[in-house]
Amino acid sequence: MPVKDEIRAANEQYASSFEKGHLPMPPGRRFAVVTCMDARLDPARFLGLEEGDAHVIRNAGGLVTDDALRSLVISHWLLGTQEAVVVAHEDCGMLTFSNDDLRAKLAEETGEDASDVDFHPFPNLDESVRSSVQRIRDYPLLPDSYDAHGFVYDVRSGALREIA
Ligand SMILES: [Zn+2]
C-alpha cells in the first residue's frame, strides 16, 4: 500500500476516537524539547508527553541550530515555554559521516556543489549536547531565566542519561 494510503487509514482510526480537540495552543507543561529525527525515537513516549504538553522540535542530530533557536524564541515569547530539554541519542547517524563524505555523494548523485552547505555532523555525542545546551543558555533572544538541560537517549535500553 502506498505510504499516503497507509497514513490515511491510520489517521481515520485516530480521528474516530479523538478527544483532544479542546486543547489550547500554548504547551500546558511549558517546556520545549529539541531532539533528533531518528525513527527509533518516540519523544512523546519516552518523555511521557501527551498532546498539548510540550513543543517538540526535531532535526537531524537534535541540534540547536539557528532554525531550532528560531522555534525556541517563538515557543518562549509567544507560547510561554520556560525551559528546553535537548535530547540526543546513542548510535546517531550524525556520528557516521563528515561534510566531505556527504558533499562527495551529492556531487556524484546530483552533480551539484554542496561545498557551502554545513550538514552539522559531529564526532562526539556528549560534547554536541553540551554545546547545544550552552547555545540556548547564551542566546540573547532568550531571557536568562530560560533554562536548558541536556540528555542522551539510549536506543537500546530506552533510558535517558543526563549530561548537562
Ligand atoms: Zn540521530
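**Reading a sheet, a zinc site and a helix**

Author: Phe-31 stands opposite Ala-54 in strand β2. Keep in mind that this model is predicted.

Reader: Which strands does β1 pair with, and how do they run?

Author: Strand β2, residues 54-59, is joined to β1 by 6 bridges, and the two run parallel. Strand β3, residues 83-89, is joined to β1 by 5 bridges, again parallel.

Reader: Where do the side chains of a strand point?

Author: In a regular strand they alternate between the two faces of the sheet.

Reader: Now the metal. Which protein atoms are donors of the zinc ion?

Author: They are SG of Cys-36, NE2 of His-89 and SG of Cys-92. Their distances from the zinc ion run from 2.0 to 2.3 Å. Along the chain, the donors follow the spacing C-x52-H-x2-C.

Reader: Are His-89 and Cys-92 buried or exposed?

Author: Both His-89 and Cys-92 are buried.

Reader: How do I read the length of helix α3?

Author: Compare its reach with the expected span. Helix α3, residues 66-77, has 12 residues. From first C-alpha to last it reaches 16 Å, close to the 16 Å expected at 1.5 Å a residue.

Reader: What covers the buried residues of α3?

Author: The buried residues include Leu-69, Leu-72 and Val-73. Among the elements covering the buried residues of α3 are β1, β2, β3 and α5, residues 125-138.

Conventions. Residues numbered from 1 in each chain as written. Predicted model: local features only at pLDDT ≥ 70, side-chain atom pairs only at ≥ 80, totals over all residues. Heavy atoms only, no water. Pairing = 2+ DSSP bridges. Helix = DSSP H or I, 4+ residues; strand = E, 2+ residues; numbered from the N terminus. Donors = N, O, S within 2.8 Å, 3.2 Å for Na, K, Ca; no water. Buried < 20%, exposed > 50% of the residue type's maximum accessible area, 1.4 Å probe, protein only. Expected span 1.5 Å × (residues − 1). Contact = heavy atoms within 4.5 Å.
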